[in-house]
Amino acid sequence: MTRRRATHAGSWYSGSRNQLDGELAKWLSNAETPVTSARAIISPHAGLVYCGETGAHGFKSINPATTRRIIVLGPSHKKYLSGCALSKCSKFETPLYDLVTDTETVSQLYKSELFTDFDVYDDENEHSLEMQYPYIAKIMQGYKDNFKIVSIIVGDVSLDHARKYAKVLEPLLADPHTVFVVSSDFCHWGSRFSYCNVNGETNIPIWQAITNLDKLGMNTIESLNSAAFQSYLSKTSNTICGRRPILVLLATVEEHSARNPSSKSKFSFLHYSQSSKCLRPSDSSVSYASGVLTIS
């Protein structure tokens, strides 16, 4: 039984149980959402001091009373991966309490032969999945013995490859007791990110051009069209670090719609923010967005 340590606690978010619980509670209390039964969310993964407010909107849209399984998909920032990998950890430490792996679902995913292992060393070095765990623990606090998680790290995945994963993941999305949490920040702008594109909008403040660039991508995601999202990425090269997990989600929704023609899927973004407002080419910022998928 391998327990993944909360290696980013104390730096990216508070390692104090009481302090973290209070911060998460405050952000959730202030968040507004028209959705109470999200089947998937897109959530940022920066330090919580930067993105905690935005992330709360998505997590507040999840109904903890009906949630039995949470699938977390995040990008690999440090280790190159071809395809997707499954965490080898059976438990995940948070300052609130440990999250437990759904080993039965993990075993079923391995049978597809599409997934490799993500070893513990690389897992603990990667922040994209861990930054979702405190909010998961918080919203499920009253039901902590009633749910389990599956952690999937998404590497280099083409659209065709995403569609192969979609066929395996669709039965999970179809389960009304399962919620997908897709970890992604949006535009990383500035020379330190080697990305200074304003998409031709040179007559407005840089931060507004970044907003427009992100909103164009967000609108494309809301269309639930994986090919359109891939085309947007090809045209803009927007530095959305969770673009491949998002692509996998979009392909999975498309697969679900194909298998269930009478179902209706809708994605809506609820909140958007930036770490700072860029005014000069020497400035830099990271964008955060929170969105939810419903299926009826």
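The model I am looking at is predicted.

**H8 and H9**

I started with helix H8, residues 226-236, and helix H9, residues 243-259, whose axes come within 9 Å and cross at roughly 160 degrees. Angles over 145 degrees count as roughly antiparallel, and H8 and H9 are therefore roughly antiparallel to each other. I then looked up who makes the contact: Ser226, Phe229, Gln230 and Leu233 on the H8 side, and Arg243, Ile246, Leu247, Leu250, Ala251 and Glu254 on the H9 side. By class, I noted 6 nonpolar, 2 polar and 2 charged residues in this contact.

**H1 and H2**

Next I turned to helix H1 (residues 17-30) and helix H2 (residues 48-59), where the axes come within 8 Å and cross at roughly 55 degrees. That makes H1 oblique to H2. The crossing is right-handed. H1 brings Leu20, Leu24, Trp27 and Leu28 to the contact, and H2 brings Leu48, Gly52, Glu53, Ala56 and Phe59. I sorted these residues into 7 nonpolar, 1 polar and 1 charged.

**Cores**

Which residues touch the most other members of the largest nonpolar core? I found Ile152 and Leu169, in a core of 52 residues.

Notes. Residues numbered from 1 in each chain as written. Predicted model: local features only at pLDDT ≥ 70, side-chain atom pairs only at ≥ 80, totals over all residues. Heavy atoms only, no water. Axes fitted to C-alpha atoms, helices over the stretch in contact; angles between N-to-C directions. Helix = DSSP H or I, 4+ residues; strand = E, 2+ residues; numbered from the N terminus. Parallel < 35°, antiparallel > 145°, perpendicular 65-115°, else oblique. Left-handed = near helix turned anticlockwise from the far one by under 90°. Contact = heavy atoms within 4.5 Å. Nonpolar A, V, L, I, M, F, W, Y, C, P; charged D, E, K, R; others polar. Core = buried A, V, L, I, M, F, W, Y, C linked by side-chain atoms within 4.5 Å. Buried < 20%, exposed > 50% of the residue type's maximum accessible area, 1.4 Å probe, protein only.
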